[in-house]
Amino acid sequence: MSDAGPRQPPGPQSLVLFDGVCDLCNAAVQWLIERDSELRLRYASLQSEAARAALHAAGVEDPVALGDSIVFVDGSGVHVRSSAVIWIGAKLGFPYSLGKVTLLVPRPLRDAVYKYVARNRYRWFGRRAACMRPTPELASLFLDADEPTV
């Protein structure tokens with residue numbers, strides 16, 4: 001934690017929902033936290049009640065229909081798979097926002113690459129027995145920080 005005091009969470013328009021038992025997903029969240037110096041993002045595991053409530057509030061009636069995906073919820077809507085990754089990077093600002101150029105690649109092609117990695121992520125990177133728990137310093141960034149471990 002920095003000397004600037006406790007980290008304060010941003011508004012609810014910048015929510016990253018991730019697979020809480022996936023080692024790749026957890027490493028990605030840690031990577032995002034390290035680079036999000038302006039605290040633009042909040043987080044919750046897809047397995048949490050907080051994620052289900054956030055998706056419902058964003059108009060997603062059946063979260064299972066989103067499939068095996070990272071989800072990014074912002075003021076413009078709900079983004080999944082490769083689009084979620086691109087918009088999360090854009091939210092971090094420069095140089096990560098340059099990734100928006102990949103929106104020119106047709107979504108089916110981008111998502112095919114995303115789905116390939118998603119199908120193999122447990123085998124390649126591992127799987128946890130339970131969802132990640134944030135440290136007390138980071139708890140304010142996680143909507144599900146006070147939920148029991150899944």
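Helix α3 (residues 81–92) packs against helix α4 (residues 107–125) at an angle of about 90°, axes 7 Å apart. Axes here are lines fitted to C-alpha atoms over the stretch in contact, and angles run from 0 to 180 degrees between N-to-C directions. So α3 is roughly perpendicular to α4, a label for 65 to 115 degrees. From α3, the contact takes Arg81, Ser82, Ser83, Val85 and Ile86; from α4, Arg107, Arg110, Asp111, Tyr114 and Lys115. Contact means heavy atoms within 4.5 Å. By class, that is 3 nonpolar, 2 polar and 5 charged residues.

A word on the model. It is predicted: local features need pLDDT of at least 70, side-chain atom pairs count only at pLDDT 80 or more, and totals for chains, interfaces and linings use all residues. Residues are numbered from 1 along each chain as its sequence is written, and side-chain values use heavy atoms, without hydrogens and water.

Now Ser83, in helix α3. Buried or exposed? Buried, at 6% relative accessibility; the cut-off is under 20% relative accessible area, with a 1.4 Å probe and protein chains only. The Ser83 side chain makes a polar contact with the side chain of Arg110, at 2.7 Å.

Next, Ser48. Ser48 sits in the loop between β2 (42–45) and α2 (49–57). Ser48 is buried too, with a relative accessible area of 1%. Its side chain reaches the backbone nitrogen of Ala51 at 3.0 Å. Leaving out residues up to four places away in sequence, Ser48 touches Asp144 and Glu147.

Methods
Helices (H or I, at least four residues) and strands (E, at least two) are DSSP runs, numbered from the N terminus. Buried means under 20% relative accessible area, exposed over 50%, partly exposed in between (1.4 Å probe, protein chains only). A polar contact is a pair of N or O atoms within 3.5 Å; within protein, one must be able to donate a hydrogen and the other to accept it, and residues adjacent in sequence count only if both atoms are side-chain atoms. Angles under 35 degrees count as roughly parallel, over 145 as roughly antiparallel, 65 to 115 as roughly perpendicular and the rest as oblique. Ala, Val, Leu, Ile, Met, Phe, Trp, Tyr, Cys and Pro count as nonpolar, Asp, Glu, Lys and Arg as charged, and the others, Gly among them, as polar.
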